[in-house]
Amino acid sequence: MNTSSGLSKKQRKARTAFTDHQLQTLEKSFERQKYLSVQDRMELANKLGLSDTQVKTWYQNRR
């Protein structure tokens, strides 16, 4: 295997380690609403100090 070919590939972002508070808030939100609007997702991400994409991915993986 050529190790230099691995250098040209895009680096993956490290896995997010959610805090207990973030997880509790995400779980409560998920219980109320299985799908979030863009606005709700942005507000939740802002409230938790996460990116919109992190919240979106968490929801997708949770469903």
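Two rings of Phe, Tyr or Trp count as a pair if their centres lie within 6.5 Å. Planes over 60 degrees apart make such a pair edge-to-face. With that in hand, turn to this predicted model. Ring pairs join Phe 30, Trp 58 and Tyr 59 into a cluster.

Start with the pairs themselves. The structure has 3 aromatic pairs. One of them is formed by Phe 30 and Tyr 59. Their rings sit 5.4 Å apart, centre to centre, with 65° between the planes. That pair is edge-to-face. Phe 30 belongs to helix α2, while Tyr 59 belongs to helix α4, which covers residues 52-62. The pair therefore ties together parts that are 29 residues apart in sequence.

Now look at Trp 58. Its ring centre is 5.6 Å from that of Tyr 59, and the two planes meet at 70°. This pair is therefore edge-to-face.

Buried means under 20% relative accessible area. Tyr 59 has a relative accessible area of 3%, so it counts as buried. Trp 58 has 11% relative accessibility, so it is buried too.

Go back to helix α2, which spans residues 20-32. Gln 22 is found in this helix. Its relative accessible area is 10%, so Gln 22 is buried. Which residues does Gln 22 touch, leaving aside those up to four places away in sequence? They are Ala 17, Leu 48 and Leu 50.

Technical notes. Residues are numbered from 1 along each chain as its sequence is written. This is a predicted model: local features need pLDDT of at least 70, side-chain atom pairs count only at pLDDT 80 or more; totals for chains, interfaces and linings use all residues. Side-chain values use heavy atoms; hydrogens and water are left out. Helices (H or I, at least four residues) and strands (E, at least two) are DSSP runs, numbered from the N terminus. Buried means under 20% relative accessible area, exposed over 50%, partly exposed in between (1.4 Å probe, protein chains only). Contact means heavy atoms within 4.5 Å. Rings of Phe, Tyr and Trp (its six-membered ring) pair if their centres lie within 6.5 Å; planes under 30 degrees apart count as stacked, over 60 as edge-to-face and the rest as tilted.
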